[in-house]
Amino acid sequence: MPARMLWHNARVATMSPQAADPWGLIESGAILTQGDTIEWVGAYDDRPRAARDANHVDLNGLLVTPGLIDCHTHLVYGGHRANEAEMRLNGASYEAIARAGGGIRSSVAATRAASEQELLAAAARRARALLREGVTTIEVKSGYGLSLDAEARCLRAARALGSTLPISVRTTYLGAHAVPPEFEGRPDDYITAVCEWMQTLHAQGLVDAVDAFCESIAFTSAQTRRVFETARALGLPVKLHAEQLSDQGGAMLAASFGAMSCDHLEYLGAAGVAAMRAAGTVAVLLPGAYYMLRETQQPPVALLREAGVPMAVATDHNPGTSPGLSLLLSAHMSCVFFRLTPLEALRGITVHAALALGLPDRGVLAPGMRADFVAWDVAALNELTYWFGHNPCRRVVVAGAELQE
């Protein structure tokens, strides 16, 4: 039987929606774990009898939260696109760069040229940066290979992250990210290929979920529907890059398939909000891309809040429009740009991010949940969305084991 551990001398923010305190804050708190699972959480003075024989770990008065969850990343790719960032600074639009053969296509060329080991090594460096800031679960999308072989290499690299690093990884197949050069002018034929590859990749155990980019510069609602119908036939959950640059009705389409999340959402309308609410779809806000693209159209946070749609926050780490590797900075920007409250932002990178990935075993600290938590050197929880350019993470526990530098 795995050893019991009592993590004590901490202020514990459970983030439980059932707690009386909005943060679920327990002063003089403690967490009892057995193996990779939380057995008990509460005030130290109320610890159960089972804690008597546990190994005690002193957290030195630090403030503890659930492990952070980055629910939207494109962590596996080759190369970078700093030159395109400079082009945007000189006035070129994202759409103009994409239509001229840049954008996603330039990353596709670099990714196809990289070996699987090179892709894994680069992604591992990025994942370690997230780990150092308390991220214990990440989602990794494909979408920079855009051929069966290259997509498989990217997904295998993503899977390997979870076996070579102490971080939990969920993989998402994003073959419908852009039309590759060999399918130029034949987007419907490409979608046919995407659907065929999905079946092969799923059979190889590489796919946890399916995503698509529904946008005027990417794929239509009808093409996206074909991808989702294939996913549904395979029993795979879906999510969608929706309403980032225009309202294509993507959120309503995704909601009709019971999507776990719709992401970006700058141009989301009231009908899309209502559809997401009815379907239980999480809204994933991506302030890094909003910032990098110097957008001015904000997601309809007030409508989402009023409708009770859960809002998650993620880095959207990618080489083109959001090259950042700080989930805390994304949370900070969600407050500054989108007017989330600190409580909403922290829920967005814990409990609501877990919902966006369909992971009910994490995101809050409660009995039966996965033992992922982080100890921070801050006096108050709202400091986590206040500071930027500073990492207050001091200790990280993943599946009941503390990370060692």
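A: Two strands are taken to pair if DSSP finds at least two bridges between them. The model examined here is a predicted one.

Strand S5 (residues 63–66) and S14 are paired in the antiparallel sense through four bridges. Within this pairing, valine 64 has alanine 375 of S14 as its bridge partner. S14 also pairs with strand S15 (residues 393–398), again in the antiparallel sense and over four bridges. Here valine 374 stands opposite valine 396 of S15. In a regular strand, the side chains alternate between the two faces of the sheet. Both faces of S14 are covered: Phe373 and Ala375 lie on one side, Val374 and Trp376 lie on the other, and all of them are buried.

Strand S1 (residues 4–13) is joined to S2 by seven bridges, and the two run antiparallel. Arginine 4 has glutamine 34 of S2 as its bridge partner. S2 is in turn joined to strand S3 (residues 37–43) by six bridges, also antiparallel. Of the ten residues of S2 (residues 25–34), seven are buried, so the strand is largely enclosed by the rest of the structure.

The parallel arrangement is seen in an open sheet of eight strands, whose order is S6-S7-S8-S9-S10-S11-S12-S13. Strand S6 (68–70) and strand S13 (311–313) form its edges; each has a single partner strand, so one side of each lacks a neighbour in the sheet. On average, neighbouring strands of this sheet are turned by 25 degrees against each other, direction ignored. Within the sheet, strand S7 (residues 135–141) and strand S8 (residues 168–176) run parallel and are joined by five bridges. Glutamate 139 has arginine 170 of S8 as its bridge partner.

Helices pack on this sheet. Helix H5 (residues 148–164) lies across S7 and S8 and runs at about 170 degrees to S8. Helix H7 (residues 221–234) touches S8, strand S9 (209–214) and strand S10 (239–242), and its direction makes about 175 degrees with that of S9.

H7 also has a helical partner. Helix H6 (residues 187–203) packs with H7 at an angle of about 15 degrees, the axes being 10 Å apart. At that angle, which is under 35 degrees, H6 is roughly parallel to H7. The crossing of the two helices is right-handed. The H6 residues in this contact include Ile191, Val194 and Met198, which, with others, meet a group in H7 that includes Val227, Ala231 and Leu234. The residues of the contact of H6 with H7 divide into eight nonpolar, five polar and two charged.

Note on methods:
Residues numbered from 1 in each chain as written. Predicted model: local features only at pLDDT ≥ 70, side-chain atom pairs only at ≥ 80, totals over all residues. Heavy atoms only, no water. Axes fitted to C-alpha atoms, helices over the stretch in contact; angles between N-to-C directions. Contact = heavy atoms within 4.5 Å. Buried < 20%, exposed > 50% of the residue type's maximum accessible area, 1.4 Å probe, protein only. Parallel < 35°, antiparallel > 145°, perpendicular 65-115°, else oblique. Left-handed = near helix turned anticlockwise from the far one by under 90°. Nonpolar A, V, L, I, M, F, W, Y, C, P; charged D, E, K, R; others polar.
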